[in-house]
Amino acid sequence: IDKAIYGASIFGIVMTIPQISNIWVDKDATGVSALSWSAYLLVSLFWLTYGILHKEKPIIFGNTVWIFLYIIIIWGTLLYG
């Protein structure tokens, strides 16, 4: 299961790509809540901190990518929402 978690992280990340595409390619953030995505960002920051403190590579990997994606979504939502 330790290696499968990487696959689960990548799957979740890939499932977020349509949202990013809709915002940045179509320049349409209608119905996307910057507040909700900011809350997800905050949670990921806590998880990243936990992962670093406990040296948990899957948590560090997944949440580092998630933080990057959340920032892209929040930024796009503020520009095109």
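Predicted model: local features only at pLDDT ≥ 70, side-chain atom pairs only at ≥ 80, totals over all residues.

Biologist: Why is H1 called roughly parallel to H3?

Modeller: Angles under 35 degrees count as roughly parallel. The angle here is about 10°, so H1 is roughly parallel to H3.

Biologist: What makes up the contact of H1 with H3?

Modeller: Its residues divide into 17 nonpolar, seven polar and one charged.

Biologist: Which residues make the nonpolar surface patch?

Modeller: Ile-10, Phe-11, Val-14, Met-15, Ile-17 and Phe-61 make it. The patch has an area of about 570 Å². Helix H1, residues 4–24, gives the most to it, with five residues.

Biologist: Take Phe-11. How do you know whether Phe-11 is buried or exposed?

Modeller: Phe-11 sits in helix H1. Exposed means over 50% relative accessible area. Phe-11 has 54% relative accessibility, so it counts as exposed.

Biologist: Why is Asp-2 called exposed?

Modeller: Its relative accessible area is 61%. The cut-off for exposed is over 50%, so Asp-2 is exposed.

Biologist: Now the loops. What is phi for Lys-27?

Modeller: Phi of Lys-27 is near 55°. That is a positive value in a residue other than glycine. Lys-27 lies in the loop between H1 and helix H2, which spans 34–53.

Biologist: Why is Lys-27 called partly exposed?

Modeller: Buried means under 20%, exposed means over 50%, and partly exposed lies in between. Lys-27 has a relative accessible area of 49%. Therefore Lys-27 is partly exposed.

Biologist: And what is phi for Lys-55?

Modeller: Lys-55 has a positive phi of about 55°, although it is not a glycine. Lys-55 is placed in the loop between H2 and H3.

Biologist: What makes Lys-55 count as exposed?

Modeller: Lys-55 has 69% relative accessibility. Exposed means over 50%, so Lys-55 counts as exposed.

Notes
Residues numbered from 1 in each chain as written. Heavy atoms only, no water. Patch = residues over 30% accessible without salt bridge, like charges linked within 9 Å, V, L, I, M, F, W, Y side chains within 5 Å. Areas by Shrake-Rupley, 256 points an atom, 1.4 Å probe, with all protein chains shown as cover. Salt bridge = Lys/Arg side-chain N within 4 Å of Asp/Glu carboxyl O. Helix = DSSP H or I, 4+ residues; strand = E, 2+ residues; numbered from the N terminus. Buried < 20%, exposed > 50% of the residue type's maximum accessible area, 1.4 Å probe, protein only. Axes fitted to C-alpha atoms, helices over the stretch in contact; angles between N-to-C directions. Parallel < 35°, antiparallel > 145°, perpendicular 65-115°, else oblique. Nonpolar A, V, L, I, M, F, W, Y, C, P; charged D, E, K, R; others polar.
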